[in-house]
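Hi,

Here is the structure I promised to pass on to you. Have a look at it first, and then read my notes below.

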Amino acid sequence: MINDKNDYRKIKDEVTQVAQKVCESSEIEKFISHIDSKIRDFRQTMIIYGEYNTGKSTLINALFGKEVAKMGDAPETKEVHEYLYNGYTIFDTPGINVDNKDDLVTKEQLEKSEIVLFVISTDGSLEVEFVYEKIGEVVKAKKPIILVLNNKNGINPNSLQERQIINKVYLNLERIGKLNDIEEIENKISVYIVNAKEALKAKIENKHRLLSDSQILGLESAIDDCLTKSGHKEVVNALNQYIRNFINNMLETLDNKIDNKESNQIETLITLLKKQQESLNIELEKMVNNELVGADSRILEILLSQQSSIESKKSDIEKYLNAKVSNINEKAINIMKIAERELRTKTDEFLEFSTPNATTNLANIEAPSSDIFDEILPKIIEQVKAFIPTIINEIGGKAGWTQTLILIVSAILDMFNSYQKEERQKTMQLEARSKSQSEINKLKEQLINGYKNCIKITFDGTIDKIDNKAKQLKSDNSELLEMKNKLFAIIDRLS
Ligand SMILES: Nc1nc2c(ncn2[C@@H]2O[C@H](COP(=O)(O)OP(=O)(O)O)[C@@H](O)[C@H]2O)c(=O)[nH]1
Ligand SMILES: [Mg+2]
């Protein structure tokens, strides 16, 4: 629980520390300057609030009895003006429903003020829903509020028409109270009808009757009453809300950063690559199997042929297998080239799809979007594009396969030789068949594993790099989460 100015000093420092990583410096300056000014002068202030052209500035002048504020049908008040009234500060504002800039100026001042003098004009905004919503917001914020109906159309005081207008206003207040779950809203707002223009005139021209008819005197004592009765409690209430709003805006910015799609997009890219790798493996395995269908029978045929010598059998098998393997290699290269093209299209699509939006301009914090999408991803994509040539180089060097083939052919022939010498024809044929089968299976396995390995090495490197980036993003997120927790803890202290 916040008790004194020192608590606010601490909170200001803690909030500023996080804010420096989340907010624009101008926002932080405004925040610091408001807290500082409140610490310097812990008194309640009043804001003149309401739609523009309802007579807010005229009312200020009526209160002072002279023209201190500019009045006019065009929005005259473009910024917040500060007046000292009976020792209290009153702020005149441009009002709401003017334009974005003026509305924002007004909203900022509303957040900073403790007491609200809300002006509605009897000739205009009596039935405007938006106006009552704004009144509801003030009541919900637990700020004392006086509602002034500025009698622009000169209705006689205490007339039936005046009562009808006041009743209408109370009905509208009741309705907005129900809508916003505000109990007994009519007891939380005091309503006064005054004629600001005539009050000003009466004061300037010293006309007592006119002054009394303007009904400004009742309003003046209500304002005095409200100002003197409120104090520390109202200032703490408004200041806490001001800080909470500031923190909530920061939390929103942090949430946007945490929710940013980049982590998910990187996960998507990783999944895409893994799927690509898997389907490449399957396709190559199928191709190798298909290409070697019947290879064992062909080898057996060569082995059992009557005419040729062992030497020529050996060279026939070698030739046959060499041709097979180089055919398979060619097909493997083709498959990988197609895969490369497909991957390139997919990654291009991915990049196009995941181009970061340019609206993340709020913070000074390292926005992960820029470096991922501008620097790192293109590099990764380049690597992905380069993976096929790597494989082609590896399997293109035939030396490895030739070695394998010689081993396989020798194994088959050694076995065949020994049986031929013993002339156990039947057994030899059976053994030769199974040997051819098992050696061809070995060849299949070696080819498939060889390809898979090359693919794995290339994909793993790429996936690792992307994965690391994803991890880094997650740790960035954990930093952001930590900031959020700090802010939540401050909000807890404020309530
Ligand atoms: N007849 C009449 N006109 C008023 C009254 N109060 C303000 N006006 C006029 O309404 C216009 C807007 O007044 P102003 O005080 O500038 O409104 P603001 O934009 O809310 O500050 C001016 O032309 C005023 O002369 C009033 O009590 N009676
Ligand atoms: Mg004005």
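Buried residues make up 32% of the 495 residues in the chain. A residue is called buried if 20 or more other C-beta atoms lie within 10 Å of its own, exposed if 12 or fewer do, and partly exposed in between, with the C-beta atoms placed from the backbone. Keep in mind that this is a predicted model, where local features need pLDDT of at least 70 and side-chain atom pairs count only at pLDDT 80 or more, while totals for chains, interfaces and linings use all residues. Residues are numbered from 1 along each chain as its sequence is written, and chains are lettered from A and ligands numbered from 1 in the order in which they are written.

The chain has 18 helices and six strands. These are DSSP runs numbered from the N terminus: helices are H or I with at least four residues, strands are E with at least two. Among contacts between residues at least 6 apart in sequence, 75% join residues at least 24 apart. Two residues are in contact if their C-beta atoms, placed from the backbone, lie within 7 Å.

Strands count as paired if DSSP finds at least two bridges between them.

In case pairing is new to you: strands of a sheet pair through backbone hydrogen bonds, either parallel or antiparallel. You can find both here. Strand 2 (residues 81–85) and strand 3 (residues 88–92) are antiparallel over five bridges, with His81 opposite Asp92. These two strands form a hairpin with two residues between them, and Asn86 in the turn has a positive phi of about 50°. Strand 1 (residues 46–50) and strand 4 (residues 115–121), on the other hand, pair in the parallel sense, also over five bridges; there, Gly50 has Val119 as its bridge partner.

Next, go to the start of the chain. Helix 1 (residues 5–22) and helix 2 (residues 25–40) pack at about 175°, with their axes 10 Å apart. Helix 1 brings Lys5, Tyr8, Arg9, Lys12, Thr16, Ala19 and Gln20 to the contact, and helix 2 brings Ile28, Phe31, Ile32, Ile35 and Ile39.

Which residues does Ala19 touch, leaving out those up to four places away in sequence? They are Ile28, Phe31 and Met250. Ala19 is buried, with 25 other C-beta atoms within 10 Å. Its C-alpha is 8.5 Å from that of Ile247, which is 228 residues away along the chain.

Helix 5 (residues 129–140) is another one to look at. Its buried residues are Val131, Tyr132, Lys134, Ile135, Gly136 and Val138, and they pack against strand 4, strand 5 and helix 6 (160–179). Lys142 counts as partly exposed, because it has 13 C-beta neighbours inside 10 Å.

Last stop: Ile204, in helix 8 (residues 196–205). Ile204 is partly exposed, with 13 other C-beta atoms within 10 Å. It touches Gly65 and Lys66, not counting residues up to four places away in sequence. Asn206 lies in the loop between helix 8 and helix 9 (208–214). Its phi is positive, near 55°, in a residue other than glycine, and Asn206 is exposed, with 9 other C-beta atoms within 10 Å.

Cheers

Technical notes:
Axes fitted to C-alpha atoms, helices over the stretch in contact; angles between N-to-C directions.
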